[in-house]
Structures are given as structure tokens and as C-alpha cells.
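Let's walk through this fold together, one question at a time. Keep the 3D view open as you read.

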Amino acid sequence: MSLDTVGLVHSRETFGTVDGPGVRYVLFLQGCPMRCLYCHNPDTWASFGGTETTVREVLEDYEKYRPFLKDGGITLSGGEATVQMDFVLALFEACQERGIHTCLDTCGVLFNEDNPKTLAQYEKLMEVTDLVMLDIKHINPRQHKVLTGHSNENILKFLKFMDDHGMEIWIRHVILPRITYNKDFLYQTGQLLGNYDHITAIDVLPYHTMGVDKYKELGFKYPLEGVEAMTNEQAMIAKNIILLGRKDTREKLGKI
């Protein structure tokens, strides 16, 4: 991989505290195939625009902030970062050589175990990534397509692939009224997660309406017009249901 590999960067955050362990340098890359109803960054959807940035330029910029990034590293997010897989691999390989912790925030939708080239890229990804934050959008296949426009099949296969490779995994799940904030769906999500040994954190996030103004600026119709934001208390209730489902599965498997 080359330090001159170019990525399209939508934006950056130099003091990230929620995108992996420690204080982190976060790049949001351009491009995403998903159309999640609650997405608050529709300006990242297009696979064009953004700022052309080389791996070398990212590392040079990172070094300016490195003394302040306590116990952190570099996180790639989006959009969907794996749309630009060549850039992800080149940057993470360079980070690995420099002892920089790497974290990928992804929905996993582009994983394809039936495509040899894609599978080889994901094998390499496992070698150069320290942590993956995986967004589980919805456990129900039909509801997942309603929510995102895509099946969850590849996402769940990617979860198993990562666990088989011993990758450390953090799960993120957004609760949304009438769609994911449902006791049965939450419990089923936990049951699924209980099958995997390398999930070290589960974060449940309440739906918010911070994207409304951005949709208006872009001239897009906001798909969840009138849906009220959810609370941290509701997120905690949801998380406890997920944890119960996970615990029940772990007990059945004899892993508790």
C-alpha cells in the first residue's frame, strides 16, 4: 500500500471521545450505499465531493495532535468508510507500522464472502485493524430493508467473519420509535449477539433529530418528520433487554 493513496474526506474531528477508546482523530469519509431513515449526515451519501487527501497527509496532520490524543488513535467513519476500501487499508497499514491504534466504524453492508477480491480485502482489513465498531441497524430482515434500503444478510455474515478472526467488536444500535424500540426485536438482537465471543461493548443510542436542519439545507425531505427524539432512559431500557437476550444465549451455550 502507498502513502500516496487518495481518499475523499468529508470532514474530520481532532478530539473525538465517542468513536473508539481514548481521545481520537476521526475521519469521516465520503460515500454510503445505505439510506437509513434516521441518518443525520445525508451529505456523506455521494461517492464524490469531499476533499482529496492522501494517507501521507492524514498521518502528517495526525502527528500535530498526537500528544493530545490520550490512549487514542485514528478512527475511520463515514458515510460508510469501506466504500473507499483501498484508502482504509493503506491508512491502517501505515498506522500499524507507526504503532497507531486503528478503529473502523462501519455498518458492514459491503462485506461479500462470495467475491474473492472483496474477501481478500476484508482478510487484510482484519490484519491491520485493532477494533471494529459495527452498527446493527435491525435484527429483522424485512424491517432492516424498510429502515435502510438494504438487507442485513451481509452485515450479520460480517459479524461472524470478524468474530471468527478474533477481532475486538463494539456494537452500536440506534433505537427508533415503532421500528427498533420493540421488546421482541431488542431481545432477539441480544440473542444473536450472544453467539459471539469477541464483542466487548454494546452501545445503545437514542434517535435524535439533529439532522432535520441539514435535510432542509440540502433540499431533501426528512423521512421521519414528526417523530420525536428518544431519551437516554429509553436507551438504557433497550440496552438491558439486549443484555438479557445475550445473557440467555450465553447461558444456553455454556459460556457463562
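Two strands pair if DSSP finds at least two bridges between them. Helices (H or I, at least four residues) and strands (E, at least two) are DSSP runs, numbered from the N terminus. This is a predicted model, where local features need pLDDT of at least 70, side-chain atom pairs count only at pLDDT 80 or more, and totals for chains, interfaces and linings use all residues. Residues are numbered from 1 along each chain as its sequence is written, and side-chain values use heavy atoms, leaving out hydrogens and water.

Q: How many bridges join strand S5 to strand S6?
A: Look at residues 101–106 for S5 and residues 131–135 for S6. The two run parallel, and in S6 the bridge partner of Thr106 is Leu134. The number of bridges joining S5 to S6 is four.

Q: Which strands are the edge strands of the sheet?
A: The sheet is open and mixed, with eight strands in the order S3-S1-S2-S4-S5-S6-S7-S8. An edge strand here pairs on one side only. That gives S3 (51–54) and S8 (199–206).

Q: Which strands does helix H8 touch as it packs on the sheet?
A: Contact means heavy atoms within 4.5 Å. H8 covers residues 232–252, and its direction makes about 145° with that of S8 (axes are lines fitted to C-alpha atoms, for helices over the stretch in contact, and angles run from 0 to 180 degrees between N-to-C directions). The strands touched are S7 (168–175) and S8.

Q: What is the residue that follows H8, with a positive phi?
A: Go to the end of H8, residues 232–252. The phi there is near 70°. The residue is Gly254.
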